[in-house]
Amino acid sequence: MLKVLRERMNQGYRTMSWPAGAPPEMPDRYRGLPAIDATRCPDGCRECVDVCPTDAIERAPSSMKLDLGKCLFCTDCIDACPEGAIEFSSEFRMAFDKRASLVLDGKAVEMAQALDEKARRMFGRSLQLRQVSAGGCNACEADINVLGTIGFDLGRFGIHMVASPRHADGLVITGPVTENMRLALEKTYAATPAPKFVIAVGACAISGGPFRDHPEQNNGADSVLPVDLYIPGCPPHPMTILDGLLRMLGRVEERV
Amino acid sequence: MPSPDDLLRTSNCQPVALADVPLLDRDGFAAWLSGELDGNSSGLSALFGVPQSAHSVRLYAVTNHPRTAELRFMATDVGESYVAFTPEIPRAHWFEREIAEQWGIVPEGHPWLKPIRSHHAYVKGRDAWGRSSEDAILPSVQPPGTDYFKVTGDEIHEVAVGPVHAGVIEPGHFRFQCHGENVFSLEIELGFQHRGIERALLGGPDKRSLHHMETLAGDTTIGHSTAYSQLLEGLAGIEAPLRAQSIRCVALELERLANHTGDLGALAMDVGFLPTSSFCGRLRGDWLNASALICGNRFGRSLARPGGSRWDIDEGKAEELVARTNAAFEDVTGAVELLWNTPSVRSRFDGCGEIPRTLAEELGLVGMAARACGIGRDARRDFPFGIYRFSQVPTAIWHTGDVFARAYVRWLEIDRSVPFVLEQLQSLPRGEIRRDVGSLQPDALAVSITEGWRGEICHVAITDSDGRFAHYKVVDPSFHNWIGLAMALRNQGISDFPVNNKSFNLSYCGHDL
């Protein structure tokens with residue numbers, strides 16, 4: 001017992017103060033919210049468009065569009081761009097409540113709004129979530145799981161991962177929704193009592209990710225269920241996921 | 001029976017001409033395979049089919065030989081059915097199920113012929129179980145998937161878990177036959193994560209190939225992307241710069257350190273020992289953040305590239321990584337020592353889920369699960385790749401084959417990875433970090449063996465006359481080891497399932513592809 005206590009003293013208190021205090025610093029090579037400076041794009045240049053593994057970039061007549069829901073946050077477009085027009089910032093806050101808002105086109109970024117007053121009263125201090133991995137590669141799952149560890153401590157917000165959809169207020173879905181998981185996902189959603197939410201975490205759950213258009217999967221959760229919150233990334237940083245959940249509950253207000 | 005001179009042999013990542021692979025008849029192939037695997041330390045890295053014509057499939061076998069660091073190949077052509085190898089060579093069992101499922105061929109006499117991923121055969125109109133190509137094939141819903149091993153009797157009850165199961169974890173289905181708390185048999189059904197990766201790789205490499213490698217088993221990003229990168233380098237006849245090889249191996253060890261630390265915490269959680277569980281939960285994040293320091297992503301995405309590494313580690317970063325490694329290791333030591341010294345933990349771990357060494361050898365288990373049974377297989381030593389050719393990590397072995405052994409081997413590996421990482425960071429070879437790959441050797445076969453954190457990763461590529469992928473096979477260590485978990489549960493209490501499952505911590509998506 002004494003050894004345990006001594007080790008606890010040694011390990012120290014580790015829970016971050018955010019959102020009350022500052023968030024932890026992202027590493028300098030972290031790739032957060034991206035932006036394409038379309039003024040730098042040479043006429044007819046399609047380097048980034050062609051090299052993107054998920055075709056997330058589109059060249060429109062007067063702007064460049066980047067679909068965060070397809071983006072893997074890899075480095076292929078940065079490496080392909082001859083003009084350095086693409087930059088991934090250190091901004092980790094990237095949660096959206098409409099699929100269309102994930103398509104960045106140089107205009108203002110419209111992040112997720114909080115739930116309405118009634119929902120916030122019901123779930124603001126107690127949100128029970130059932131995770132369903134529908135073909136996820138385990139990275140999104142792992143960085144959702146990590147929110148339960150002491151650094152992030154999801155429980156302090158009244159948010160818990162629950163063992164059964166019967167206990168849940170919502171589903172957190174990862175993976176592109178493989179054909180082999182579609183029925184299980186549908187049944188899990190049906191078994192969750194209303195009112196309920198669906199949160200899609202990661203590129204796969206939003207658009208199929210690297211597996212987009214493979215016949216073995218369904219290009220993401222909203223092919224099967226109505227999605228209330230989209231959190232992009234491959235995988236999204238745990239801070240991005242946490243910010244998304246708190247944003248939905250109205251516990252972080254700051255606009256980006 | 002082919003003589004040793006007839007065997008086609010090569011080393012890790014070195015291609016051979018596809019036409020040179022010896023082609024035997026079924027019995028000669030079986031006799032050779034038996035001989036290769038019998039009684040010594042050889043392993044079966046891959047056994048897979050490549051369609052040759054409308055009516056025949058060529059089966060390729062890749063065996064690995066630690067004593068000589070060789071890989072050897074043999075092939076045989078089969079039609080719609082053939083006499084199964086599994087009765088003589090048990091470790092072929094899962095491979096033969098995959099061949100049956102992918103090509104609609106029946107291995108006659110296979111003791112447990114069931115699908116493994118639940119998808120239609122890649123040959124239209126053919127199915128090893130006579131199912132129609134018009135109907136959907138789904139796991140756990142219709143035969144033969146639902147023909148689980150059954151024990152009958154009034155006192156028997158059957159427990160089904162998954163695909164959606166209690167934790168935040170990938171889906172699988174576990175069917176237990178129980179007598180009270182005692183498990184007579186566990187059967188594991190997978191396939192829920194099947195995304196069709198191997199098919200998507202054909203005709204590549206293309207702009208998605210590398211991203212498929214990074215996400216086929218997302219917690220083994222470095223393991224699989226390194227295996228892929230090395231394979232392409234071998235096929236292109238180039239070597240990645242030494243500095244890049246060192247960086248890739250540092251990343252591979254950081255991946256190992258993160259997962260082992262997380263697993264030890266999870267094992268603690270499953271026996272209700274919260275101190276270690278809580279400390280390791282945080283510490284795993286520290287290792288992931290170290291990976292993110294190198295490449296911006298906690299899982300090592302974008303780091304390993306064919307030709308080298310996309311990211312360099314300059315002196316400042318190296319110093320920072322050394323400091324973080326030392327700090328994390330000190331804290332992991334403190335957290336994990338509690339496990340070995342707490343009787344209530346030991347009483348749950350010791351003797352639980354024991355696999356005898358002979359069974360582990362017969363089934364062809366790889367990686368940590370094998371090393372925990374006293375079997376010293378480790379590709380970093382046996383088929384040295386990258387910087388491991390010059391810098392060795394001692395192999396961690398324990399002999400009791402139980403949950404304790406699988407936990408302790410993780411601790412030993414953490415203890416041995418750390419000095420390796422520190423040594424590399426403090427002596428990175430000078431020079432560039434990336435080289436152009438160029439075109440791949442046409443009409444070739446190459447195999448890349450890597451030691452991912454779970455065990456042996458095997459990638460096999462066959463190129464066509466344009467040097468594009470005519471075939472690509474991925475064998476994740478989990479492909480070999482899921483049967484180990486099923487066997488470990490026999491005659492165990494069902495409440496020990498979670499801790500046993502964690503002690504293996506196998507990949508569902510790495511198996512399902």
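How many bridges join strand E15 of chain B to E16(B), and do the two run parallel or antiparallel? I began my notebook with this question, keeping in mind that the model is predicted.

**Entry 1: the sheet in chain B**

I looked up strand E15 (residues 456-463) of chain B and found that six bridges join it to E16(B), the two strands running antiparallel. For one pair I noted the residues by name: B:Ile462 has B:His471 in E16(B) as its bridge partner.

**Entry 2: a hairpin in chain A**

A hairpin of two residues leads from E2(A) to E3(A), and A:Ala60 stands opposite A:Ser63 in E3(A).

**Entry 3: two helices in chain B**

Next I asked at what angle helix H6 (residues 242-270) and helix H7 (residues 274-295) of chain B cross. Their axes come within 8 Å and cross at roughly 165 degrees. Because angles over 145 degrees count as roughly antiparallel, H6(B) is roughly antiparallel to H7(B). I noted, too, that the crossing of H6(B) and H7(B) is left-handed. Among the residues that meet here are B:Leu254, B:Leu257 and B:Ala258 in H6(B), and B:Leu283, B:Trp287 and B:Ile294 in H7(B). Sorted by class, the contact of H6(B) with H7(B) has 13 nonpolar, seven polar and two charged residues.

**Entry 4: where the chains touch**

Last, I looked at how the chains meet, and found 51 residues of chain B in contact with 50 residues of chain A. On the side of chain B that touches chain A, the elements giving two or more residues are helix H4 (209-215), H7 and helix H8 (315-340) of chain B. Which element gives the most to this side? I found that H7(B) does, with 10 residues; this is the helix that I had already noted as crossing H6(B). By class, the side of chain B that touches chain A has 22 nonpolar, 19 polar and 10 charged residues.

Notes
Residues numbered from 1 in each chain as written. Chains lettered and ligands numbered in written order. Predicted model: local features only at pLDDT ≥ 70, side-chain atom pairs only at ≥ 80, totals over all residues. Axes fitted to C-alpha atoms, helices over the stretch in contact; angles between N-to-C directions. Helix = DSSP H or I, 4+ residues; strand = E, 2+ residues; numbered from the N terminus. Parallel < 35°, antiparallel > 145°, perpendicular 65-115°, else oblique. Left-handed = near helix turned anticlockwise from the far one by under 90°. Contact = placed C-beta atoms within 7 Å. Nonpolar A, V, L, I, M, F, W, Y, C, P; charged D, E, K, R; others polar. Pairing = 2+ DSSP bridges.
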